Amino acid sequence: MAQNKPNAFMAFVADWRACNRFGRGLSTSEAVAKCEPIWEGMSDRERGPYKSKAKDSNVLERESKTERLNCPGVAISKMQVEKNEAIDAELQMKRNIKRIVLKATNSMKLEEKEFLFVSFNYFTKALNGDVYQPAELSACRFSLKGGISSNYSTMINPGHIIFGQTSDAQDHSRTTHKLPLPPNAMGEKNLGNLYSDTLKWLSASNDEEDEQHDHPVIVYTTPELMPVVKSCFRYLACEGDTDKHAEKIMVYDICYLFLTLKKTVLDLVGVPSDHMNIHVTNSFFRRDFFEFSSGIACDYHEEVDRTKYCTKSMVLRWGYMISHYICGDLAIPLQPRKHVPIEVKHSYTVTPGDSSLALDGTSTDSGCSGY
């Protein structure tokens, strides 16, 4: 028997189930029954996007019968389109980071410019999609002059593990953050309130122009964590029925931000920056010599001796590392808790510009001793 072709109503049902927490617990027939009165009350204009989606699905279905497919059955041309879109998105991200830093530099506010660092721990990843189930969230505000001015940290209890993923979640927890699994997880259970509170905290920017123009919130994390952070924000937004605001958070590469800041600062002080590239800055982050600093993780991870995997420790360490390699070039004194951990005994000295070329752990402008 031939399969039924996708139609606009079923496209609406699928979208409703994906965006409605209550709908995800219903069977297809139950969801159809719930959506029928909603569909009947929609105008032709409101139905338009779903008609277009159904038409596109029918076209792709016809094309897939003649197109070359890979082993899982995905069209080669579709994979190429997705690859090109990812490349374009990365280039746009890099242009935006350069624009942000250049704007702050031209307005003489580079030292005061605030950046938001965000990290997530997760319980497990869905097998059939890029979906990570959040377990812990931390964020901090950072500027070169003020260092880490504030931080936000919370554990998350999504209520249940993705079906069939309990074993993977146990193994991931045991080898990383050691957080107890749902339903025994610690932290906030109301994901809607959590997302609203997080978005409110992140949106409290010191950039008045961004607030006036309702620009999206830009947060920074490591390249490895970018898909995790994006997925966890989508998960929280969707679970809280506030997914219409998910596009307000954009996730950028903190390593590229570090590179851009370092090159810009070296140019400002008249030091050649040709030797500085993304591989150098990435190696700085991999070195992570604040990894074993005490007092920067949450109480739970301090107790279970997993401070390396604590998201609060991660975002604070990122701020400390950027301070370590950049503040010396601008003669910014390093303050405990803001630029370096409290127990680090640093001896800060202002040195001539040429010495900023010495970027190894023994650099006199690093601001830290004992590393």
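**Sheet, helices and cores of the predicted model**

An open sheet of 5 strands, with the order 3-2-1-4-5 and mixed pairing, is present in the predicted model. Strand 3 and strand 5 (249-253) each have a single partner strand and stand at the edges, so one side of each is left without a neighbour in the sheet. From one strand to the next, the twist averages 30°. Strands are taken as paired if DSSP finds at least two bridges between them. Helices (H or I, at least four residues) and strands (E, at least two) are DSSP runs, numbered from the N terminus; the chain has 12 helices and 5 strands.

The model is a predicted one, in which local features need pLDDT of at least 70 and side-chain atom pairs count only at pLDDT 80 or more, whereas totals for chains, interfaces and linings use all residues. Residues are numbered from 1 along each chain as its sequence is written, and side-chain values use heavy atoms, with hydrogens and water left out.

Within the sheet, strand 2 (residues 132-143) and strand 3 (residues 147-155) run antiparallel and are joined by 8 bridges. A hairpin of 3 residues connects strand 2 to strand 3, and Ala 139 stands opposite Tyr 152 in strand 3. Strand 4 (residues 217-221) pairs with strand 5 in the parallel sense over 5 bridges. Tyr 220 stands opposite Tyr 252 in strand 5.

Axes are lines fitted to C-alpha atoms, for helices over the stretch in contact, and angles run from 0 to 180 degrees between N-to-C directions. Helix 6 lies across strand 1, strand 2, strand 3, strand 4 and strand 5, and runs at about 175° to strand 3. Helix 9 (residues 254-268) lies across strand 1, strand 4 and strand 5, running at about 65° to strand 5.

The axes of helix 1 (residues 8-19) and helix 2 (residues 28-40) cross at roughly 110° and come within 9 Å. Helix 1 and helix 2 are therefore roughly perpendicular to each other, a term that covers angles of 65 to 115 degrees, with those under 35 counted as roughly parallel, those over 145 as roughly antiparallel and the rest as oblique. Residues of helix 1 in this contact include Phe 9, Phe 12, Val 13 and Trp 16, and those of helix 2 include Ala 31, Val 32, Ile 38 and Trp 39. By class, the contact of helix 1 with helix 2 has 11 nonpolar, 1 polar and 3 charged residues. Ala, Val, Leu, Ile, Met, Phe, Trp, Tyr, Cys and Pro count as nonpolar, Asp, Glu, Lys and Arg as charged, and the others, Gly among them, as polar.

Of the 371 residues of the chain, 44% count as buried (under 20% relative accessible area, with exposed over 50% and partly exposed in between; 1.4 Å probe, protein chains only). Among contacts in the chain with a separation of 6 or more, 67% are between residues 24 or more positions apart. The largest nonpolar core has 71 residues, and Phe 117, Phe 120 and Leu 202 have the most contacts inside it. Another core lies apart from it and has 13 residues, among them Leu 26, Ala 31, Trp 39 and Met 42. A nonpolar core is a set of buried Ala, Val, Leu, Ile, Met, Phe, Trp, Tyr and Cys residues joined through side-chain atoms within 4.5 Å. Not counting residues up to four places away in sequence, Phe 120 touches residues including Pro 134, Leu 137, Ile 156, Val 229 and Thr 311.

His 172, in helix 5 (residues 166-175), is buried, with a relative accessible area of 18%. Beyond four places in sequence, His 172 touches Tyr 122, Phe 123 and His 177. Asp 130 is found in the loop between strand 1 and strand 2 and, at 38% relative accessibility, counts as partly exposed. The C-alpha atoms of Asp 130 and Val 228, 98 residues apart along the chain, are separated by 8.4 Å.

Most residues other than glycine have a negative phi, and most peptide bonds are trans. Met 108, in the loop between helix 4 (76-106) and strand 1 (115-125), has a positive phi, near 60°, and counts as exposed at 71% relative accessibility. Asp 305 also has a positive phi, of about 60°. The peptide bond from Pro 182 to Pro 183 is cis, with omega near 5°.

Conventions:
Contact = heavy atoms within 4.5 Å.
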